[in-house]
Each structure stands twice: as C-alpha cells, then as structure tokens.
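I am opening a notebook on this structure. The entries below follow the order in which I looked things up.

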Amino acid sequence: MNQSPEEFEKLRTLLTLKRHEQPPPGYFNQLPGEITARIEAGESAPGFWSSLILALTIKPAYATACALFLCGAIGTGTYYSFRSSGGQPASQQMAVQPVKKTTEQPAIAAQPASINPNVVPIAFANTNPVTEPKVPTLFDRSTQQPIVPASYQR
Amino acid sequence: MPAEVPAPGPDDITLVRRAQKEDLAAYDELIRRYQQRIYATLYHMTSNHEDANDLTQEAFIKAYSALKSFKGDSSFYTWVYRIAVNKTINFLKQRKNRYAMSLDDLDFSAENDPDLVALISDKTPRRAAGLAELQEKLNAAMQKLSEQHRMVVTLHDVQGLSHEEIGQIMDCNVGTVRSRLFYARQQLQGFLSDYLK
C-alpha cells in the first residue's frame, strides 16, 4: 500500500463523493422541531446518574480517571483487608473458621446441684428447654426449687 | 465543508446564555445552525440515515441537558461536536459488525462533478449506475476502518475541519490526528485500489 501523490489526490476526489450524499428533502426543516419536542417532553431532565454519564461521555479522560480511582480503591481495600487479617482476606478467614462443637455443657450446668442448691442459674445461660427458670424473689423462698439441668434429674 | 460563515442574528454565546435560561427558541436556532454538519458527520460514520438521525437528536438533547455546565472555554460548535462524536463512537462499539447500510441519495450535482465523472468514466458507460456503485464501495470501505480512523477521515477529508479542530473534538493532540489520518488514507487506498488506478 504505497501512498503516491497521484493516488492520494484520486482518493481525495473520491471522498468528495460523500459530500453529495443528502438526506431526504425537508429533513432539516423537521429535525429542530423533533428535538425541541423531545426536550419539552422532559427527555433532557438530568438526573444524577445521567449527568455523570454525560460528563464521562464528553470527556473520556474523566471515565479513565474514574476507572483508575475505583481500581485503586478496590486494591487499597484488598491490601488493608490482608494486613488486618494477617495474610488472609477477611472473607476467607470467616469461611475457614471452625465451628465450635456444642456437645460441651455450659459451665454452670456442669456444676452439681449439691454444691449450692439455692443458686439459680441465669436464665439466658441455660439453653436446655426442659429447665424452666424461675425468677428469684426475696419474699417467696418456700416455693423456690433448686434448678438443676435435665441431665442430672433421675 | 464550506468555510465558516458567521450566522446572521445573535452570536452563539448569546444564544447559549438564553438557552441556559431554558429559552427553547434560542436552542432551536443553535440546532438549525449546526444540524447539517453534525448530521453529516454522524451519517458518514454510520453509513446509515436512521442511525445518524437518532444520534443527532440524542446528541442535541444531551447537549441541552448539559448546557448549564457549558462555561464557554471552547466554542459551542466544538463542544456539541464532541458530545456527538463520543456518543457515536460508543454507539459504533456496541454495534460492532451488526450494521446495515442505509445510504442517502446523491444530489444532482454529483453527476455533473467533472472529477467524479473522470473517476468512473472508464469503469462504466452508465454514469448514474457508476456513481451509485462507487458510493456503495466507498461507504463499505469506510466501514472497514476503525472508529477513530473513520472519524478523522470524515472530519478532515469530508467535512474539511483543520487538524487543530479535530484534536479539540477528539481530545487528542495534532500529531495523533495526523498519524491517524495517514494510516486511514493508506487503508482506504488499499480497499479502493480498483478505483484509484
């Protein structure tokens, strides 16, 4: 593909053909009316996102800057996530954390009832559905029963 | 493109100030001033009248919605051109190869252009058919160029804009414009070699 001056001149002549391409007659008389009608119909009302997209359309450099900023923010976030979790991302750390076995009895439940039968365990500490915790009262000690875990009831 | 002739009536910046205060009549006047050049550029980029029509309308509507941010650092003409050009390049990237040509008719003066007639006279005895065929080949060759190369050829060789104006519109320096123009012409010469011998 050489670019001889003669061929180049012919190409320029050939390209002038495009200047002779014209839209249908009367097209340019109607176009402004169509555009202003669409504007009046509210198509130009700018929202936040459309304004942002427009700004990015006018200046592609803004789009590049935004993309770089987002990449930087994601990179920084990932880096600090690694640092704070000692080399493992937080999400992974959560994923590999072993689930604690629930076979152990709570410390208060393992305590024999004989040690201190008057002690009423805190209601929320015992998840045993059999135990019906009573709220301790100063005035009605006669009805108060020692509460022991179900596993100790014979 | 003919040399820029100052339009009669208020200048662009006066019309822009009025349009910024939601004076649609002023904006209508601005559209009338630049619609032909904007439409022509978008048509040469798409080779499709309907696409060019849609893009021209959308470009002017977008420009109106962004008019409040127009500070007057560049001319209104360059500013609206930039919106139209970037919108078209985005459109063409989405369209990729799914295009169908819908060409405008050639005006009567094309058949009487001696340079064009000389180009086709030895190819076919039927002048009108020759021009129509040439038009189709030329548009097909243009569509083979990349969007950036096609835009530079359109703005410079068809529309007659200077390298500096193209640089402002396409947001690149003059050297890049020249380089793109060189490669675009080289490719076009290859695609249209049958008509350039």
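Predicted model: local features only at pLDDT ≥ 70, side-chain atom pairs only at ≥ 80, totals over all residues.

Is helix 7 of chain B largely enclosed by the rest of the structure or exposed, and why? Helix 7 of chain B spans residues 147-158, and ten of its twelve residues are buried, so I put it down as largely enclosed by the rest of the structure. Among the buried ones I listed His149(B), Arg150(B), Asp157(B) and Val158(B). After helix 7 of chain B comes Gly160(B), with a positive phi near 80°.

Next entry: the two chains together. I find 36 residues of chain A in contact with 47 residues of chain B. On chain A, helix 1, strand 1, helix 2, helix 3 and helix 4 each give at least two residues to the side that touches chain B.

I then looked at the strands. Strand 1 of chain A and strand 1 of chain B (residues 105-106) run antiparallel and are joined by two bridges. Gln22(A) is opposite Asp105(B).

Last entry: a helix pair in chain B. Helix 2 (residues 24-46) and helix 3 (residues 49-65) of chain B pack with their axes 9 Å apart, at an angle of about 140°. I therefore record helix 2 and helix 3 of chain B as oblique to each other. Their crossing is right-handed. The residues that meet include Tyr27(B) and Ile31(B) from helix 2 of chain B, and Phe60(B) and Tyr64(B) from helix 3 of chain B. By class, I note eleven nonpolar, four polar and one charged residues in this contact.

Notes. Residues numbered from 1 in each chain as written. Chains lettered and ligands numbered in written order. Buried ≥ 20, exposed ≤ 12 C-beta atoms within 10 Å, placed from the backbone. Helix = DSSP H or I, 4+ residues; strand = E, 2+ residues; numbered from the N terminus. Contact = placed C-beta atoms within 7 Å. Pairing = 2+ DSSP bridges. Axes fitted to C-alpha atoms, helices over the stretch in contact; angles between N-to-C directions. Parallel < 35°, antiparallel > 145°, perpendicular 65-115°, else oblique. Left-handed = near helix turned anticlockwise from the far one by under 90°. Nonpolar A, V, L, I, M, F, W, Y, C, P; charged D, E, K, R; others polar.
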